[in-house]
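Please go through the helix packing of this chain. Keep the structure open while reading.

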Amino acid sequence: MTELPPRVIPPAQSRCLPWHHATWSSLDTLFKKERLPHAMLLEGQPGTGRNRLALSLARYLLCSNTRSEGNCGGCKTCILTASGAHPDLSIVMPAETGKAIGIDAIREVIRFAAGTPTLGRYKVILVSPAESLTPAAFNAFLKCLEEPSSETFIVMVSASGYPLPATIRSRCQRWQLPSPAVPLGREWLLEALGEAEASSQLVDSMLELCGGRPLEALEKLQSDDCDALISLHRTARTMLQEGRPSRALEQGVANVQPDSTLDVLESTLQSWLRELPATQLRSQEALRGFAALETIAQLRAAKRSGTNPNVDLLRFTVTSAMNGLWDK
Ligand SMILES: [Zn+2]
């Protein structure tokens with residue numbers, strides 16, 4: 001039995017997102033022809049619905065009354081997959097975003113793979129994101145991929161372009177998932193929020209902040225931090241556009257959690273650098289902008305490894321790097 005992480009709560013019927021329709025249609029066709037490969041790697045940008053597609057596929061494969069657009073939502077299997085209590089579905093995700101998936105979790109998966117399906121024809125193993133596996137976990141997981149059972153489907157999710165071990169990639173059929181164009185992501189986001197919550201200005205700001213990734217934008221728009229994130233993004237964007245330090249930045253940084261601060265400033269800096277004319281990419285400001293990105297990457301790495309738990313120091317460092325773009 002697998003408990004779904006709190007952030008993955010599917011509705012009765014899992015349906016793919018509009019930008020995944022073509023992929024879904026191919027998966028559905030292959031399954032009906034009994035040609036769906038038993039190990040699949042779904043590669044896409046985080047925050048664009050990769051997990052939603054993987055979960056929809058898992059539920060579709062287990063549903064006893066499958067239709068082309070997805071699971072039926074009403075059969076015993078669908079009720080069990082919605083609660084995470086289906087005995088033939090094993091979901092392996094890190095306990096927290098950014099944490100590793102260790103060998104113990106994979107040993108459990110190997111035991112799961114060795115058994116026969118309890119309720120239907122198939123079992124499904126969903127691993128996401130694959131890049132969270134430790135090297136030892138990858139090695140152990142190879143066992144599942146090397147001895148595929150005709151009753152088991154393995155669905156792995158990973159970030160586009162992430163260099164997974166060749167031994168893993170070569171044993172999976174790879175599916176490149178598209179990211180939505182901004183207007184399509186925006187339209188979906190407005191609909192997902194419903195009229196009451198949707199302010200198109202807020203949606204535009206959050207989509208910009210999230211690099212056009214609509215599911216990430218939705219999560220942030222529904223978080224308690226939403227206003228503080230937008231405010232920090234606007235402060236940082238204004239100072240970059242106007243080309244001068246901002247006193248408001250310190251306060252903006254203080255109002256946001258350290259991890260989110262790094263995400264917001266990184267995303268705002270990247271957009272600014274992307275939009276600079278080529279002739280300005282070697283300017284003093286641009287070079288300091290790249291240096292500030294490097295500082296952010298180092299702070300994130302230090303925070304992950306637990307060597308820099310000092311929040312005040314992190315806030316000071318990142319504010320100084322941003323305001324220092326225009327030092328003489
Ligand atoms: Zn069903």
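## Basis

The model is predicted.

## Helix 5

Helix 5 covers residues 135-146. It has 12 residues, and at 1.5 Å a residue they should span 16 Å. The end C-alpha atoms of helix 5 are 17 Å apart, which agrees.

Three residues of helix 5 are buried: Ala 137, Phe 141 and Cys 144. Seen down the axis of helix 5, they fall within an arc of 30°, so they line one face of the helix. An α-helix has 3.6 residues a turn, so residues three or four places apart point the same way. The cover over the buried residues of helix 5 includes helix 4 (103-114), strand 3 (123-127) and strand 4 (152-159). On the face turned away from the buried side, helix 5 carries the exposed residues Pro 135, Ala 136 and Glu 146.

## Helices 2 and 3

Two packed helices are described by the angle between their axes and the distance between the axes. For helix 2 (residues 50-62) and helix 3 (residues 76-83), the angle is about 150° and the axes are 9 Å apart. Angles over 145 degrees count as roughly antiparallel, so helix 2 is roughly antiparallel to helix 3.

The crossing of helix 2 past helix 3 is right-handed. Helix 2 makes the contact with Ala 58, Arg 59 and Leu 62, and helix 3 with Thr 77, Cys 78 and Thr 81.

## Helices 12 and 13

Helix 12 spans residues 258-275 and helix 13 spans residues 284-305. They pack at an angle of about 155°, with axes 10 Å apart. The two helices are therefore roughly antiparallel to each other. Helix 12 passes helix 13 in a left-handed crossing.

On the helix 12 side, the contact residues are Pro 258, Leu 262, Leu 265, Glu 266, Leu 269, Trp 272 and Leu 273. On the helix 13 side, they are Ala 286, Gly 289, Ala 292, Leu 293, Ile 296, Leu 299, Arg 300 and Lys 303.

## Met 322

Met 322 sits in helix 14 (residues 311-323). Is Met 322 buried or exposed? Met 322 is buried, because 26 other C-beta atoms lie within 10 Å, and 20 or more count as buried.

Leaving aside residues up to four places away in sequence, Met 322 touches Ala 236, Leu 249, Leu 265 and Ala 292. Leu 265 belongs to the helix 12 contact set and Ala 292 to that of helix 13. Met 322 and Leu 240 are 82 residues apart in sequence, and their C-alpha atoms are 8.8 Å apart in space.

Definitions and conventions: Residues are numbered from 1 along each chain as its sequence is written. This is a predicted model: local features need pLDDT of at least 70, side-chain atom pairs count only at pLDDT 80 or more; totals for chains, interfaces and linings use all residues. Helices (H or I, at least four residues) and strands (E, at least two) are DSSP runs, numbered from the N terminus. The expected span of a helix is 1.5 Å times one less than its number of residues. A residue is buried if 20 or more other C-beta atoms lie within 10 Å of its own, exposed if 12 or fewer, and partly exposed in between; C-beta atoms are placed from the backbone. The arc is that of the directions from the helix axis to the C-beta atoms. Two residues are in contact if their C-beta atoms, placed from the backbone, lie within 7 Å. Axes are lines fitted to C-alpha atoms, for helices over the stretch in contact, and angles run from 0 to 180 degrees between N-to-C directions. Angles under 35 degrees count as roughly parallel, over 145 as roughly antiparallel, 65 to 115 as roughly perpendicular and the rest as oblique. A crossing is left-handed if the near helix is turned anticlockwise from the far one by less than a right angle, and right-handed if clockwise.
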